[in-house]
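The entries follow the order in which I looked things up.

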Amino acid sequence: MNRDSLYIGGRWVSSTSGHTMAVENPATEEIIAHVPAGTGEDVHRAVSAARAAFDGWARTPMAERGALLGKLHEALSARAADIAKTVGLELGTPLKVAKNVQAGLPLAVLRGYADLAADPVPEESIGHSLIVHEPVGVVGAITPWNYPLHQVVAKVAAALAAGCTVVLKPSELTPLVAYLLFDAADEAGLPDGVLNLVTGTGTEVGAAIAGHPDVDMVSFTGSTATGRAVSHAAADRIARVALELGGKSANIILSDADLTKAVKVGVGNAFLNSGQTCTAWTRMLVHRDLYDSAVELAAATAQGYRTGDPFDEGTRLGPLVSAGQRDRVRGFIERAGARMVAGAADVPDKGYFVAGTVFADVDPASELAQEEVFGPVLAIMAFDDDEDAVRIANNSRYGLAGGVWGEPERALAVARRLRTGAVDLNGAAFNPVAPFGGYKQSGVGRELGSYGLAEFQQTKAIQR
Ligand code: NDP
């Protein structure tokens, strides 16, 4: 694997910096690889390659692009075990989740886009106008570390299906799994320049992509603060921006809910990937009649989550991605000012572990209830009736996801009132082809499925 190179114009090439960045295993604190520290000059080379490839790729019939995405899916599927292992090493996701989610989800998303493109929707007419959907152009994709392949594929597969060309900058903390995608792209025979990789820091490479005059659209996933900076950089040239940002999602347990299931699934959702999940249900809102039982059950469930080696079958919580992230999460725990009912348990000395932590009686206005912690930390609050539940849930500057448990029609009525991009009723499964994105400060735009494809298209009306 070429971890010492960037991928630009269909070739593995050196960075102009000549420097590298270390990649650490957060479970062992060992350096496991080095990747190039890319530069603004590298970004410029990659954007030029993507621009040169754009006309040809945009004119390639969508069904042909779909066939190539099918080949990419085949080549990436052959690397599924490697994907799970790599994410286990660079992020610390426990192996089972690494296989099912970190490898399984992007493969499902890629397959979905190959199928969508292979069978394009016929063009529509409105009166005497033909409505044509065309690719936006050169896309800069900037992705974080928590689902390091899924977040890349959600952008890259949709953009390529739409006919855009792409320059990708993965997170400096988890750049290794992206190399597996680029190996697969090389093998699948994507045309030169259609997909380019520049590894490096956000402040150097990310900022260069966001501010590059020839990047037509920036698709970003990460923190709200960085999303704001990316938006500002793109605004100067009126470039399109898609933002998938943070969340502080509420899991509402109504008075007629199946309490045991709602709490167990709720804790599992909040702790998935050590809580480093933008859609995590980090606030559990429980009807007052069920509250004490819910707190007891949540505490017992959290105590059953074993921290440790991600490659050990019994591990439910791996480390956080970095020392900085662990310290940040510890800070939230120390400042919580609520009743801790689970947490502070022993964790391995080496590695950036935090024990599964549950706080009860959390003030809905407190930092813990308002800020994205991005660690295995659950905040439980009581509500009086459905109206009160909706009010507390919507009292957030975020609006990404949520859950509601109770009699289906009543739960649906509550779900309709939540100001969030997604709601799961009674534990319904994630749908990888349904639109995904946020209200309020959780983002702009939608990813996945046909809505995700449309993000990367322009719309033209031709009168005839
Ligand atoms: P960032 O938002 O800073 O990182 C996301 C991506 O943006 C990375 O590729 C990063 O590069 C890049 N980036 C950083 N600065 C810039 C910039 N000025 N211009 C362009 N790109 C840039 O998240 P952090 O890693 O700092 O995480 C901090 C917090 O953000 C977390 O604790 C969590 O609360 C939240 N977060 C939320 C995510 C979500 O999915 N909702 C995902 C990740 C974080 P690099 O990392 O390589 O420097």
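**Ligand**

Which backbone atom of L245 lies 2.9 Å from a nitrogen atom of the ligand, and of what kind is it? I found a backbone N or O atom of L245 at that distance from the ligand nitrogen. I note here that the model is predicted.

Next I listed the surroundings. I found 27 residues around the ligand, and the closest are T143, W145, K169, E172 and Q325. For two of these I noted distances to ligand oxygen. In W145, a side-chain N or O atom is 2.7 Å from an oxygen atom of the ligand. In K169, a polar side-chain atom lies 2.6 Å from an oxygen atom of the ligand.

**Seven-stranded sheet**

I traced an open sheet of seven strands, and its order is β14-β15-β16-β13-β12-β18-β19. The pairing in this sheet is mixed. I looked up which strands stand at the edges and found β14 (339-342) and β19 (424-425). Each has a single partner strand, so one side of each has no neighbour in the sheet.

Strand β12 (residues 250-253) and strand β18 (residues 402-405) run parallel and are joined by four bridges. I located N251 opposite G403 in β18.

I also looked for a helix against these strands. Helix α9 (residues 259-271) lies across β12, β13 (283-287), β15 (357-360), β16 (377-383) and β18. Against β12, helix α9 runs at about 175°.

**Three-stranded sheet**

I found another open sheet, made of three strands in the order β5-β6-β22. Its pairing is antiparallel. The edge strands are β5 (124-126) and β22 (457-463), and each pairs on one side only. From one strand to the next, the twist averages 35°.

I followed the pairing of strand β6 (residues 129-135) with β22, which is antiparallel and extends over seven bridges. Here S129 stands opposite Q463 in β22.

**Helix pair**

Last, I looked at helix α2 (residues 62-77) and helix α5 (residues 150-162). They pack at an angle of about 150°, and their axes are 8 Å apart. I listed the residues that make the contact: M62, R65 and L69 from α2, with A157, L160, A161 and A162 from α5.

Notes
Residues numbered from 1 in each chain as written. Predicted model: local features only at pLDDT ≥ 70, side-chain atom pairs only at ≥ 80, totals over all residues. Heavy atoms only, no water. Axes fitted to C-alpha atoms, helices over the stretch in contact; angles between N-to-C directions. Helix = DSSP H or I, 4+ residues; strand = E, 2+ residues; numbered from the N terminus. Contact = heavy atoms within 4.5 Å. Near = heavy atom within 4 Å. Polar contact = N/O pair within 3.5 Å; in protein donor to acceptor, adjacent residues only side chain to side chain. Pairing = 2+ DSSP bridges.
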